[in-house]
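These are my notebook entries on one protein and the ligand that accompanies it. I looked up where the ligand sits and what surrounds it.

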Amino acid sequence: MGQPIVDHVVDKLFGKRQPEVMVGIDSIFDLVYDMLASTITLRRGDSCMIMGPRSAGKTLMVSKVLEKLNSNYSDDFLTIKLNGTIHADDKQAVRAIARQIDEATNNQEADKLEKPSMAVTMQNFLTLFEQANFSETNYKSVVFIIEDIDQFTSAGKQTLLYNLLDLSQSSVIGVAVVGLSCRMNAAELLEKRVRSRFSQRLYNLPKPKSRQDFVSRCASLLQVDPSVQIDGAQEWNTKITRLMDQDGLGDVVSEVYYTSKDLRYFGTRVGPYLQGKNHKDLCAEWFIDSVISKLNVPSSTDTLLPSLSELEWALLLCSARASTRYSIDSVNLVLAQTEYYAMAQALSIERSSVTGVGYRVWSAKAIRLAWERLQQLELLVPTGTAQSGQEDLKMLRPETGLQELRGFLPPNHPLFSWTRL
Ligand SMILES: Nc1ncnc2c1ncn2[C@@H]1O[C@H](COP(=O)(O)OP(=O)(O)OP(=O)(O)O)[C@@H](O)[C@H]1O
Ligand SMILES: [Mg+2]
């Protein structure tokens, strides 16, 4: 017999089941919800792009938005889902759209939008959207959710995206397009004609910003939400909360937080140690084997940070400053360097007024070398690919936030004051 609690938790850890609540639900949730609600109620076309690193919760957020829309406007809209990785080219995507409409509207053979010819199929669905009544059924509006939208920009002309965004602007029924991507430059990859039809709503969903935030997200996977009624859940949840502070589970949480902050990776690290177990036996020992010895973690922040030069520290702090200041997840050399010059010059002026000797501001060449080393040490992690020759614009995510960096610097360090904005 299966173990309801353990099975339920393992399914969440392995991504087969979504957590009941999204922890730290972001203001982006409201923005996306409001946009789609007005598409449905006012038949207003719109589009947005949600960008964020892998496992940041993009898919989860959108599904929570759709869940709420479904409960408020149940049959008023049709959701069509596309995935740039699966529907590798426009042809497959057009078929997927036609198929989903056919299925949702119960089209019989002769009325089916999907035809052997891709051009006819495309024409069929475009014509459909020009009519005031989308279909015989109740659907008033259509919401397109496009996962990995950047993949549609890599193969040839972006005809499908162009058509969908054009529809969102021109159709009399409300058409909304929500694109998701883990590439921070996804919007820049759009062709000019596509971009001009895009509403320019760009949202960035960052990874957990603090250890506490990460702990809560891990807990939402490991615990059973009160809305799911399973015997023994309350006791299980209490134990999990305690174990997350102890050796074993607590170590895995810290390790994943300080290395990748990737919730999906966390799931694959602890999931196997729960499988097949009896929930009544839950104890710290379950997780001991899932801890990778600290010595084996090459990029552990606590061992790397003390070895940094002052310039490397300065750039790391400036990257974290720029990312906090502009609420962006990743920064490029240009941004970090601008912040560095401003900070170093201010420090130099302050020092010379007190001691008569300024603070050394390093050359662009030295800055570039330090920047490269931070990448080698994986303290800055690429979030997209830069075009060759455009290294300065390559987007990198500081793996450690300003608050945490503060914890690693002794208060008498010359750059300690840079840990506050
Ligand atoms: N805020 C959160 N609270 C609880 N669980 C979360 C949260 N964010 C993500 N998760 C969980 O982490 C896993 C990855 O999330 P999700 O699939 O939404 O990421 P994503 O941003 O869509 O990643 P990808 O770019 O790979 O598609 C899922 O199991 C999801 O349930
Ligand atoms: Mg996703």
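The entries below go from conventions to the domains, and then to the ligand.

Conventions. I worked with a predicted model, in which local features need pLDDT of at least 70 and side-chain atom pairs count only at pLDDT 80 or more, while totals for chains, interfaces and linings use all residues. Residues are numbered from 1 along each chain as its sequence is written, chains are lettered from A and ligands numbered from 1 in the order in which they are written, and side-chain values use heavy atoms, with hydrogens and water left out.

Domains. I noted domain 1 (27-204), domain 2 (209-297) and domain 3 (303-419), with bounds from an automatic or database domain assignment. The C-alpha centres of domain 2 and domain 3 are 33 Å apart.

Position of the ligand. I recorded that ligand 1 lies between domain 1 and domain 2, because both give residues to its shell.

Shell. I counted 15 residues around ligand 1, a residue being near if one of its heavy atoms lies within 4 Å. The closest are R54, S55, K58, T59 and L60. Helix α3 (58-73) is among the elements giving two or more residues, and α3 gives the largest share, three residues; helices are DSSP runs (H or I, at least four residues) numbered from the N terminus.

Polar contacts (pairs of N or O atoms within 3.5 Å). I found a polar side-chain atom of K58 at 2.7 Å from an oxygen atom of ligand 1. A polar backbone atom of L60 is 2.8 Å from an oxygen atom of ligand 1. A backbone N or O atom of V23 lies 3.0 Å from a nitrogen atom of the ligand.

Notes:
A polar contact is a pair of N or O atoms within 3.5 Å; within protein, one must be able to donate a hydrogen and the other to accept it, and residues adjacent in sequence count only if both atoms are side-chain atoms.
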